Each structure stands twice: as C-alpha cells, then as structure tokens.
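Hi,

Here is the structure I said I would pass on. Have a look at it first, and then read my notes below.

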Amino acid sequence: MLNLVKTTPTMRFLQSTWFPVCLGIITTVLILTSLLPSAGKTMLINSSNNQYTEGEEWTAPDEREISYDNDGDLIRYGKELVVNTSKYLGPNGIVAQISNGMNCQNCHLDAGRKNFALPLSAVASTFPKWLDRSEKIQSIESRVNDCLQRSLNGKPLDSINYEMRAFVAYLKWIGHEVPQGVKPRGSGIQPIPYLNRAADPVHGKKVFENECSRCHGVSGEGVLTLDKTAYVYPPLWGENSYNVNATLYRIIPLASFIKANMPFDKINASNSSIFLTDEEAWDVSAFIISQPRRGAHFTTDWPNLNKKPLDYPYGPYPDNFSEFQHKYGPFGPIKNTKAGSELHPKQITAGLK
C-alpha cells in the first residue's frame, strides 16, 4: 500500500525551481574555474616532464604555468629581481644598496629567456657543479653572488635571504624542463672563429662610434631610465660598469655575445640579420676591454694555471705568451700550445689556494 504525501503549493514551487537553481550554480563555478587557468596548477620544478636533450634548442617556459601561491609569488619576485635589480638592490635600492645600478637582464637578455644571450636555461640543470675558477663545488646561491660581486660590482647576499631565495626559485623554474646535466642549444653564448691577428682596439673604437654609442653613450656611460634608478642600456666601462672580474671582461665571451646580440636596436627593431662581422665584433670588444673599469682582479681565481681561460688578462700563465696576447690574441698559438701540453699534463698552480 503506497503512502501518498499530499503536496502543497509551496512544495510544488520548490520542486519546480531547485534543479534549475542548482544547475546554474554548478555552471557558474565551472565558468569561473575556467577563467583561472593557473589556480589548479602547481609549480613545475625539476618535473618528470623533461623534454630537452643535449643540443636541442631551448624555449623559455610559459609564465602562465606559475602557480598562484607562495611558491609562485617567490618565482615572480625572482624574475622581477632579474629584470629590475637596481630598483631593489641598486645604489638607491628599496631592499638593500649593494650593487652598481645595472640590472641582471642587461647581460642575461629578456630576463634570461633569450638564447645565445647568456640565458638562464641551464643553471638549475648544471648546478651545483665543480668550478675550475675556484677549484670548488659551486651552488646556485654562490653563482648568483658571483654575478652580484663581479657583473654588478656589488656585495653578496646571504643564502637564506628572501631575495636570494627568490633568485633561486626563478632560476629553478625557468630551467625546470631541462634534465639534470643537460645544456640545451642556446645556453651560454655561441663561439665565433678566432682571428689570425690580435683584436684591434683602434678599429674597434670606430665600430663603437658607428654602431654602439647611440645606445651606450659616446663615453660608454650607458643610458639611464627616466627616474635614473637603473640602466636601459648599460655602461660598458667606467665607475658604474661591471668590474675586471666579470666574464664579459674577457674578450672571447664578449665578442661572441656582441656578435649574437648587437647592435641591439637594429636586430630587435627589424627582426633581421643585421649583425656585425666577426672582425668588427672582435675589434669592438678589444676597444671596450681596453677602457678603464673598477675593481682589482681576484688573485684566488684559477689556482690551477693549466685551467685558466686562453683570454684571461692577468698572469701568471703556464706558457710564455704575454698578458697582451692573452687579452687581445691571437689565440690560435696559445690554444695549440695548451693542446700540446695536455698530452703531458702537469698541474701548475699559482700558489694561491
């Protein structure tokens, strides 16, 4: 026998409206969720979705992957520090006053996302690593401090400092798709052939005047932002430039960097191949490194002289070539001598452990 429940007008009204109301709520939630594509994503660092192999050209990851949580905020702040270093850590920095006013992306172009422009693609995949320069294992934090002390002529950050943690978070995120130990194509800089002569600062000055001074200033002083807190185009020598211990004070990496990326205004305005010739890149680099800049070289660098770069501009050396030739070339004879000595290896130290 069925128990029949008598429905009232109110009950009939609720029964006729509850389903559309619930359906509307569910639909609204789904639409809002779709408008927040990062909400359900997590930060990818050293993920198993490793896609790059040695020699494969790298593409920077999509920033929409970054999660909207504390970890994601740290990554975004790390990128901000790379792009606007001076705002936070420059001479008038709002966090600390420990650097020279240049931004990290003055050398690591486009926040470290541009291939062959010292990109940050392989930092997370290759650090910690052994560094011949110091004969020690170097951490990512130590690598960041190297840039602060050398390229920004500044002071180091503590490894647990919030800004250091942000730098490291960004470095790990930007390289999270690169497997450990892999350096994809585009990381670092692309070498160019050696000249059969020494690079010529006199000819380089003419190249600088014709192709570089309109951005970097006639005296290499750079161009400041309107509020004078950072550099749009960095100084290439002088009081506010990178010091004598920076990698780009060496002519081989500097010439390669210039060849791949300069003149910046022509290459980026037209997206075409308006590059300097190899000779122009070498000679203008010779002019730039012949100009005065701050700092005394770190005498503890390269304790094993056999591992010193060919173009390291300070002696002593494990060969009989002059400081001038080590600074300006030609490098072919130095390389050949070094190759011959490597057949009979003998560690030569500077006695500066």
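What follows is a short tour of what turned up in it.

First, some ground rules. This is a predicted model, so to speak of a local feature we need pLDDT of at least 70, and side-chain atom pairs count only at pLDDT 80 or more, while totals for chains, interfaces and linings use all residues. Residues are numbered from 1 along each chain as its sequence is written, and side-chain values use heavy atoms, with hydrogens and water left out.

**The overall picture**

The protein has 14 helices and 4 strands. These are DSSP runs numbered from the N terminus: H or I over at least four residues for helices, E over at least two for strands. Of its 353 residues, 44% are buried. Buried means under 20% relative accessible area, exposed means over 50%, and partly exposed is in between (1.4 Å probe, protein chains only). Take the contacts (heavy atoms within 4.5 Å) between residues at least 6 apart in sequence: 65% of them join residues at least 24 apart.

At what angle do helix H8 and helix H12 pack? Helix H8 (residues 201-211) meets helix H12 (residues 278-289) at about 100°, and their axes are 7 Å apart. That makes H8 roughly perpendicular to H12, a label used for angles of 65 to 115 degrees. The axes are lines fitted to C-alpha atoms over the stretch in contact, with angles running from 0 to 180 degrees between N-to-C directions. On the H8 side, the residues in contact include Pro-201, Val-207 and Phe-208, and on the H12 side they include Val-284 and Phe-287. The contact divides into 6 nonpolar, 2 polar and 3 charged residues. Here Ala, Val, Leu, Ile, Met, Phe, Trp, Tyr, Cys and Pro count as nonpolar, Asp, Glu, Lys and Arg as charged, and the others, Gly among them, as polar.

**Salt bridges**

Side chains of opposite charge can pair when their charged atoms come close. For a salt bridge, a side-chain nitrogen of Lys or Arg has to be within 4 Å of a carboxyl oxygen of Asp or Glu. By this rule the count is 17.

- Glu-135 and Lys-307 form one, at 3.8 Å from N to O. The two are 172 residues apart: Glu-135 is in the loop between strands S1 and S2, and Lys-307 is in the loop between H12 and helix H13. Glu-135 is buried at 18% relative accessibility, whereas Lys-307 is partly exposed at 34%.
- Asp-146 pairs with Arg-150, with the closest N and O atoms 3.5 Å apart. Because they are 4 residues apart in helix H6 (residues 140-151), about one helical turn separates them. Both Asp-146 and Arg-150 are buried.
- Glu-63, Lys-79, Asp-110 and Arg-113 are linked in a network of salt bridges.

Most residues other than glycine have a negative phi, and most peptide bonds are trans. The bond from Phe-127 to Pro-128 is cis, with omega near 0°, and Pro-128 is in the loop between helix H5 and S1. The bond from Met-262 to Pro-263 is cis too; Pro-263 is in the loop between helices H10 and H11.

Phe-116 has a positive phi, near 60°. Is Phe-116 buried or exposed? Phe-116 is buried, with a relative accessible area of 13%. Asn-153 has a positive phi as well, near 45°, and is found in the loop between H6 and helix H7.

Cheers

How values were computed: Parallel < 35°, antiparallel > 145°, perpendicular 65-115°, else oblique.
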